[in-house]
Amino acid sequence: MKQAISPIGQEINTLGEVFNNEELTLVHLHLNSGEQIPSHDHKGLEVFFTIVKGTVEVTLDNTEVHSISMGTVLHFPGEAHVSVKAIEESEFFVYLIVRQ
């Protein structure tokens with residue numbers, strides 16, 4: 001009789017908050033072209049954006065603008081106010097890591 005083997009890896013393809021523990025929160029987002037996320041912050045965290053599809057414009061503290069697309073990672077401190085606008089239909093992950 002064969003014993004069932006539990007998988008080691010977990011495939012994640014849902015949107016929204018997909019992982020959360022005391023050190024890391026991982027959020028999977030999809031924005032249609034022109035859709036925006038209003039300015040907000042993530043105090044006490046380090047923030048990393050990784051783009052899976054499309055291009056987004058990330059504005060930090062209403063002054064610094066980054067246009068990021070697939071293959072680019074954007075890192076910034078969570079104290080910066082961040083807003084996001086999809087230049088085209090986009091999908092990306094946001095990693096929120098507790099600062100040690």
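I looked up the surface first: the protein exposes about 6,700 Å², and carbon and sulfur atoms supply 53% of it. Accessible areas here come from the Shrake-Rupley method with a 1.4 Å probe. I note that this is a predicted model, in which local features need pLDDT of at least 70 and side-chain atom pairs count only at pLDDT 80 or more, while totals for chains, interfaces and linings use all residues. Residues are numbered from 1 along each chain as its sequence is written, and side-chain values use heavy atoms, with hydrogens and water left out.

Next I checked the elements. I found zero helices and nine strands; helices (H or I, at least four residues) and strands (E, at least two) are DSSP runs, numbered from the N terminus.

How much of the protein is buried? Of its 100 residues, 34% count as buried, meaning under 20% relative accessible area (1.4 Å probe, protein chains only).

In soluble globular proteins, nonpolar side chains tend to be buried together.

Last, I looked at valine 58. Leaving aside neighbours within four places in sequence, valine 58 is in contact with Phe49, Glu64, Val65, His66, Ile68, Leu74, Val82 and Ser83; contact means heavy atoms within 4.5 Å.

Key: Buried < 20%, exposed > 50% of the residue type's maximum accessible area, 1.4 Å probe, protein only.
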